[in-house]
Amino acid sequence: MPADKASQPDDPGAPVGRRVVLGLLAAGAAGVLGGASIQRGLAAVLGPIGNHDPTGLIGLLPVGNTFRFYSVTRGAPRRDESNYRLDITGLVDNPRSHTLPELRARPQTTLVRDFQCVTGWRVPEVHWRGVRLADLLDDAGVKNTATAVRFTSFDGTYTESLTLDQARRDDVIVALEMIDGPVSHDHGGPVRLYVAPMYGYKSCKWLSGIELTSDVVPGYWERRGYSIDGWVGASNGRDDDPTS
């Protein structure tokens with residue numbers, strides 16, 4: 001869904017025309033026939049384009065077990081070591097503002113877990129590495145009145161939430177690396193949330209803010225009908241993803 005003009009990033013890039021998208025759909029079909037190597041190449045090309053696709057069709061391309069790219073805006077401004085900050089605010093004793101080098105210097109947790117989108121596609125055994133969210137919360141000092149965590153994105157629009165118990169799980173990390181290197185811009189980098197046992201919409205891309213709150217604040221998609229507790233499992237015909 002398009003964002004309001006006020007929430008558009010400063011440099012979103014040129015939108016993709018419908019004819020171009022239809023041409024890429026044909027390319028996607030060719031990728032299915034051409035095999036895995038062609039599909040991987042298509043995924044690398046379509047990622048950046050998909051963030052500027054007003055039709056939403058690129059997200060439907062059949063490119064196999066690869067990430068498909070979604071943005072609720074027309075993308076996000078780029079952040080790097082010079083200007084990235086992760087602010088931890090709200091009901092905490094010690095508000096924090098972490099730079100990218102500071103996050104990289106903290107103890108890192110590695111996970112190898114699937115990434116499941118609520119629309120049905122799945123990428124198996126993705127390598128993730130980052131800082132446990134629980135460690136960042138402990139460092140900030142969570143007040144007794146806090147029961148939930150709200151996440152914001154530097155795309156200016158996207159938000160998500162977890163209960164405090166969910167946020168403290170060992171398989172919830174502030175991810176700095178995924179697949180085989182740093183989290184790329186199109187994957188939501190340089191820093192994104194990864195909530196291993198929940199659908200992908202819970203793993204906030206372009207993470208910029210962590211706010212401790214007294215109650216769960218429904219996120220962008222929850223306000224549009226998605227489940228607040230987005231556990232992967234029996235709801236999509238699988239029961240091998242732990243939820244507790």
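**From a loop proline to the core**

P107 is found in the loop between α3 and β3 (109-116). Helices (H or I, at least four residues) and strands (E, at least two) are DSSP runs, numbered from the N terminus. This is a predicted model: local features need pLDDT of at least 70, side-chain atom pairs count only at pLDDT 80 or more, and totals for chains, interfaces and linings use all residues. Residues are numbered from 1 along each chain as its sequence is written, and side-chain values use heavy atoms, with hydrogens and water left out.

Stay with P107 for a moment. It is exposed, with a relative accessible area of 65%. Exposed means over 50% relative accessible area, buried under 20%, and partly exposed in between (1.4 Å probe, protein chains only). P107 touches G130 and V131, leaving aside residues up to four places away in sequence. Contact here means heavy atoms within 4.5 Å. P107 and V131 are 24 residues apart along the chain, yet their C-alpha atoms are separated by 6.5 Å.

Now go inside. A nonpolar core is a set of buried Ala, Val, Leu, Ile, Met, Phe, Trp, Tyr and Cys residues joined through side-chain atoms within 4.5 Å. The largest one has 39 residues. L133, L137, F151, L207, I210 and L212 have the most contacts inside it. Several elements each supply at least two residues, including β1 (85-90), α4 (133-140), β5 (148-153) and β10 (207-213). The largest share, 4 residues, comes from α4. A second, separate core has 14 residues, and F67, C117, W128 and M178 are among them.

Look along α4. Its buried residues are L133, A134, L136, L137 and A140. They lie on the same side of α4, because they cover an arc of only 160 degrees around the axis. That arc is taken from the directions from the helix axis to the C-beta atoms. An α-helix has 3.6 residues a turn, so residues three or four places apart point the same way. L133 touches F151, A167, V172, I173, V174, L193 and I210, not counting residues up to four places away in sequence. Just after α4, G141 takes a positive phi of about 75 degrees.

Next comes a hairpin. β5 and β6 form it, with 5 residues between them. In the turn, G156 has a positive phi of about 90 degrees. The two strands run antiparallel and are joined by 5 bridges; strands pair if DSSP finds at least two bridges between them. T152 stands opposite T159 in β6. Strand β6 (residues 159-163) is mostly covered, with 4 of its 5 residues buried.

Finish with the rings. The whole structure holds 7 aromatic pairs. Rings of Phe, Tyr and Trp (its six-membered ring) pair if their centres lie within 6.5 Å; planes under 30 degrees apart count as stacked, over 60 as edge-to-face and the rest as tilted. Y201 and Y226 form an edge-to-face pair, 4.9 Å centre to centre with 85 degrees between the planes. This pair links distant parts of the chain, 25 residues apart: Y201 sits in the loop between β9 and β10, Y226 in the segment after β10. Y201 counts as buried at 9% relative accessibility, whereas Y226 is partly exposed at 29%. Y158, Y201, Y220, W221 and Y226 form one aromatic cluster.

Charges meet rings too. The charged end of R224 sits over the ring of Y220, 3.7 Å from its centre. R79 lies over the face of F154, at 5.2 Å from the ring centre. A charge sits over a ring if NZ of Lys or CZ of Arg is within 6 Å of the ring centre and within 35 degrees of the ring normal.
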